[in-house]
Amino acid sequence: MDNPFLVEVIRGQLVESRHRGSVSVVDAEGATVLSIGDVDRRVFPRSAVKALQALPLLERGIADKYNLTDEELALACASHSGEPEHVRVAETMLAKAGRDVGCLECGTHWPMGEAASRALAAEGKIPNALHNNCSGKHAGFICLACGTGNDPKGYVGANHPVQRMVREALEDVTGACHSMEKSGIDGCSIPTYAVRLPSLAFGFAKFGTGTGLSGGAKAAAERIRKAVAAHPFMVAGTGRFDTRLMEILRERAFVKVGAEGVYCATFPELGYGIALKADDGHTRAAEAMMAGLILRFLPLSDQERAAVEALAQPVFRNWNGIEVGGIRLTPSLLG
């Protein structure tokens, strides 16, 4: 089936581009709240499930063993911009486990944040693995390995104890089998498992409410949500969608971007979990879709609604500051 068009890009009075997508909203009992498009097609959630991947770090007492701060827990869930504060916190996490940047197996790239990249280049420096947007997650993996008495070397491999713990946590929360036959390798080299959107949405509904989770997992999920709400900068960075949205809503919404147009979220007060995919993998479409679902479901003050509306349907201006168009959400999404 063809997924419906959910996002339109307007120039003047005409539609210049359109984005198809699929959406699943599920409550903590597993009931469908909203289903748009082909939600049963498996997708790789990629970075959208970093918060779920961080659960074993807390459940097994390693976060307490190394006295990880809320900033550090938020960074463990991050796809960060590589700004100096992100780098510092990742380095501190590693130091608490007695390790350094040489242990990171996520690879190296220039900071995702343009200003951070320019500043690094202006100083005549080159990036290291701490600048990788996944370095916080990987620092968490290294803490988990060391804290459970395992050699962190090779921690990105599917058969390493760390990845077995992570896979078990993902299966427990989503209720979906994370099969190696339906897996791939993520950009940061860990396994990523293709699952259906309703399973992801159900997992995030449980993550947001604690319903159906063991006592340890429930406490871990709550602590992660509170850490991210207190430090939304750590999850993304200056001007980034996830940071801006959670600065507005704090504990009312946990949202996390994944690569290739995937987004996951939970609205704890409603008990909803959300998983969506923009067919063409475009982040601008996935961001607009997520903001649109917040407008559709969450009760908002006038100030909150205006701020979220600006993220859902932003205005485009050219280099001279002239308004030339913007993004528009379709009735299929807004309801």
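This is a predicted model: local features need pLDDT of at least 70, side-chain atom pairs count only at pLDDT 80 or more; totals for chains, interfaces and linings use all residues.
1. Across the structure, the count of aromatic pairs comes to 6. One of them joins F204 and F254: the ring centres lie 6.4 Å apart and the planes meet at 15°, so this pair is stacked, as planes under 30 degrees apart are. F204 belongs to helix α9 (residues 197–209) and F254 to strand β6 (residues 254–257), so the pair ties together parts 50 residues apart in sequence.

2. Now turn to Y272 and F297. Their ring centres are 5.5 Å apart and their planes stand at 85°, so the pair is edge-to-face. Here too, distant parts of the chain are linked: Y272 is in strand β8 (residues 272–278) and F297 in helix α13 (residues 283–297), 25 residues apart. Y272 and F297 are both buried.

3. The charged end of R20 sits over the ring of F5, at 3.9 Å from the ring's centre. K206 lies over the face of F202, and the distance to that ring centre is 4.9 Å.

4. Next, have a look at how two helices meet. Helix α7 (residues 135–147) packs against helix α8 (residues 161–174) at an angle of about 110°, and the axes are 9 Å apart. Because angles of 65 to 115 degrees count as roughly perpendicular, that is the description for α7 and α8. On the α7 side the contact is made by F141, L144 and A145, and on the α8 side by V162, Q163, M165 and V166. Sorted by type, the residues of this contact are 6 nonpolar and 1 polar, with no charged ones.

5. Finally, where does V39 lie? V39 is in the loop between β3 (32–36) and α1 (50–53). Its relative accessibility is 8%, so V39 counts as buried, the limit being under 20%. Leaving aside neighbours within four places in sequence, V39 is in contact with S22, V23 and S24, and also with R196, L197 and P198. As for H178, which is 139 residues from V39 along the chain, the C-alpha atoms of the two are separated by 17 Å.

How values were computed:
Residues are numbered from 1 along each chain as its sequence is written. Side-chain values use heavy atoms; hydrogens and water are left out. Helices (H or I, at least four residues) and strands (E, at least two) are DSSP runs, numbered from the N terminus. Buried means under 20% relative accessible area, exposed over 50%, partly exposed in between (1.4 Å probe, protein chains only). Contact means heavy atoms within 4.5 Å. Axes are lines fitted to C-alpha atoms, for helices over the stretch in contact, and angles run from 0 to 180 degrees between N-to-C directions. Angles under 35 degrees count as roughly parallel, over 145 as roughly antiparallel, 65 to 115 as roughly perpendicular and the rest as oblique. Ala, Val, Leu, Ile, Met, Phe, Trp, Tyr, Cys and Pro count as nonpolar, Asp, Glu, Lys and Arg as charged, and the others, Gly among them, as polar. Rings of Phe, Tyr and Trp (its six-membered ring) pair if their centres lie within 6.5 Å; planes under 30 degrees apart count as stacked, over 60 as edge-to-face and the rest as tilted. A charge sits over a ring if NZ of Lys or CZ of Arg is within 6 Å of the ring centre and within 35 degrees of the ring normal.
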